[in-house]
Amino acid sequence: MGLNNKFSEHGQKLLLQHGGNLEQEANRLKVNISSLIDASASLTPFPLPPNLQKCLSQGVNGTALKIYPDRSYLRLREAIGKFHEVDSSMVLPGNGASELITWAARDAAWHGVSILPSPGFLDYKRALRCWNGKFITCPIPLKWNSFFPQFFPLKPHENVIWITNPHNPTGQSWSLNSLKAMLSSQSLVICDEAFLPLVPDGEKESLIPFVAHYPNLIVIRSLTKLFSIAGLRLGYAISSPRRLQQWQEWRDPWPVNGLAAMVGIKLMEDEDILKTQVKKIQDWVKVEGEWLQTNLQKLSGITAHPSATNFQLIESSVSLTHFREALAKKNILLRDCRSFNELGENWLRISLKKKSDNEKIINAMQQVLSCIDE
Ligand SMILES: Cc1ncc(COP(=O)(O)O)c(C=O)c1O
């Protein structure tokens with residue numbers, strides 16, 4: 001097999017592991033990207049706040065693209081530290097949460113065996129494989145109620161636990177009380193809080209206040225989800241200064257580009273932007289999430305699982321592969337769950353959109369289901 005074929009085969013595999021493959025899907029369906037409703041990637045459906053748009057264009061017209069960013073990202077670290085009430089030495093910005101997951105995995109590989117709750121975010125495996133890190137997957141129950149936050153269902157006995165709060169792909173949020181216990185029992189606790197700012201009242205369950213007392217704790221955050229800036233790439237880790245200093249020495253210089261750093265400083269220093277966005281998004285999750293859940297529950301043959309955040313799982317007793325494809329033909333993309341071993345083809349993940357799109361999704365689902373029934 002030629003190298004190009006191998007590369008594209010690998011590309012196809014990667015496509016299945018993540019939602020939001022808009023360009024490929026648009027090509028496959030022979031439509032414009034703009035005509036697709038993408039409920040496969042869990043991004044918020046609102047435009048960038050005007051002051052951030054202004055900041056970006058100032059960056060493009062100013063020096064942000066011309067000069068190297070400050071290699072220590074001091075101002076950005078200070079702004080994030082101030083927001084979370086931790087010292088700036090406990091903050092490391094990264095090229096999205098994904099970059100920081102790679103470095104967390106290097107530490108995890110050194111500590112021993114990682115426990116990965118399963119089904120779970122697939123990128124942890126990718127990151128552990130970079131460093132030949134050992135891991136075992138531990139199944140979490142696939143039935144849960146609608147009372148959030150919930151008790152974290154695993155009692156790990158290995159060295160490293162990877163927590164996603166709220167959990168991806170199930171959308172469950174975990175209670176701080178159930179997570180705290182692991183800080184004393186595990187040699188390393190990695191908590192990915194990429195979606196926590198989107199969860200109504202979610203901040204109360206954050207492990208960030210514990211970082212100062214537990215050097216074995218790493219919390220990872222993303223700004224990708226909250227502001228829908230997946231293309232800009234901006235996340236940060238909060239952990240012990242010694243650990244972050246080590247990561248900083250290992251990694252490439254300037255992993256956060258000048259524009260991303262500028263936007264990060266703007267939105268972390270100007271707390272109004274962040275607080276307004278958080279309120280807007282949490283209100284949307286509350287109102288639209290409830291609407292979607294209620295309407296999904298009315299669909300025959302589909303079980304809609306409850307969620308604390310902006311995506312949720314649906315399940316059927318039969319394969320949903322054709323159902324997903326029929327929706328794609330109506331320009332609606334849902335997340336294929338075949339890459340999650342414990343889920344497979346009877347499950348799909350659906351992301352919350354704005355009201356008019358949520359209505360289109362429900363209408364299209366009703367139409368497809370009624371054709372299947374006939
Ligand atoms: C749970 C979780 N953590 C982290 C990420 C990666 O975020 P970023 O875009 O900041 O790299 C994702 C992206 O889908 C995610 O689902």
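This section describes the ligand site, the aromatic pairs and selected backbone features of a predicted model.

The structure is a predicted model in which local features require pLDDT of at least 70 and side-chain atom pairs count only at pLDDT 80 or more, while totals for chains, interfaces and linings use all residues. Residues are numbered from 1 along each chain as its sequence is written, and side-chain values use heavy atoms, with hydrogens and water left out.

The ligand is surrounded by 14 residues, where a residue is near a molecule or strand if one of its heavy atoms lies within 4 Å of it. The closest are Ser-98, Asp-192, Ser-222, Lys-225 and Arg-233. By class, four residues of the shell are nonpolar, seven are polar and three are charged; in this scheme Ala, Val, Leu, Ile, Met, Phe, Trp, Tyr, Cys and Pro count as nonpolar, Asp, Glu, Lys and Arg as charged, and the others, Gly among them, as polar. Taken alone, the ligand exposes 400 Å², of which the protein buries 94%. Accessible areas come from the Shrake-Rupley method with a 1.4 Å probe, and for residues only the protein chains shown count as cover. Two elements, α5 (96-111) and α8 (224-227), each give two or more residues to the shell around the ligand. The largest contribution comes from α5, with three residues. Helices (H or I, at least four residues) and strands (E, at least two) are DSSP runs, numbered from the N terminus.

Eight aromatic pairs are found in a search of the whole structure. Rings of Phe, Tyr and Trp (its six-membered ring) pair if their centres lie within 6.5 Å; planes under 30 degrees apart count as stacked, over 60 as edge-to-face and the rest as tilted. Tyr-68 and Trp-254 form a stacked pair, with 4.1 Å from centre to centre and 25° between the planes. This pair links distant parts of the chain, 186 residues apart: Tyr-68 is in the loop between α3 (50-61) and α4 (74-84), and Trp-254 is in the loop between α9 (241-250) and α10 (258-269). Tyr-68 counts as exposed, at 62% relative accessibility, and Trp-254 counts as partly exposed, at 31%. Buried means under 20% relative accessible area, exposed over 50%, and partly exposed in between (1.4 Å probe, protein chains only).

The pair of Phe-152 and Trp-174 is edge-to-face, because the ring planes stand at 85° with the centres 5.3 Å apart. Phe-152 lies in the loop between β4 (135-139) and β5 (160-164) and Trp-174 in the loop between β5 and α7 (176-185), so the pair ties together parts that are 22 residues apart in sequence. Phe-152 is buried, at 3% relative accessible area, and Trp-174 is buried at 1% relative accessibility. One aromatic cluster is formed by Trp-103, Trp-131 and Trp-250.

Charged side chains also sit over aromatic rings, the criterion being NZ of Lys or CZ of Arg within 6 Å of the ring centre and within 35 degrees of the ring normal. The charged end of Arg-106 is 3.8 Å from the centre of the Trp-250 ring. Arg-71 lies over the face of Trp-254, 5.4 Å from the ring centre.

Glu-288, in helix α11 (residues 271-297), is buried at 7% relative accessibility. Its side chain makes a polar contact of 2.7 Å with the side chain of Asn-358. A polar contact is a pair of N or O atoms within 3.5 Å; within protein, one must be able to donate a hydrogen and the other to accept it, and residues adjacent in sequence count only if both atoms are side-chain atoms.

Most residues other than glycine have a negative phi, and most peptide bonds are trans. A cis peptide bond joins Phe-148 and Pro-149, with omega about -5°, and Pro-149 lies in the loop between β4 and β5. The bond from Asn-168 to Pro-169 is also cis, with omega near 20°; Pro-169 is in the loop between β5 and α7. Glu-85 has a positive phi, near 60°. This residue is in the loop between α4 and β2 (91-94) and is exposed, with a relative accessible area of 74%. Asn-331, in the loop between α12 (321-329) and β11 (332-336), has a positive phi of about 70°.
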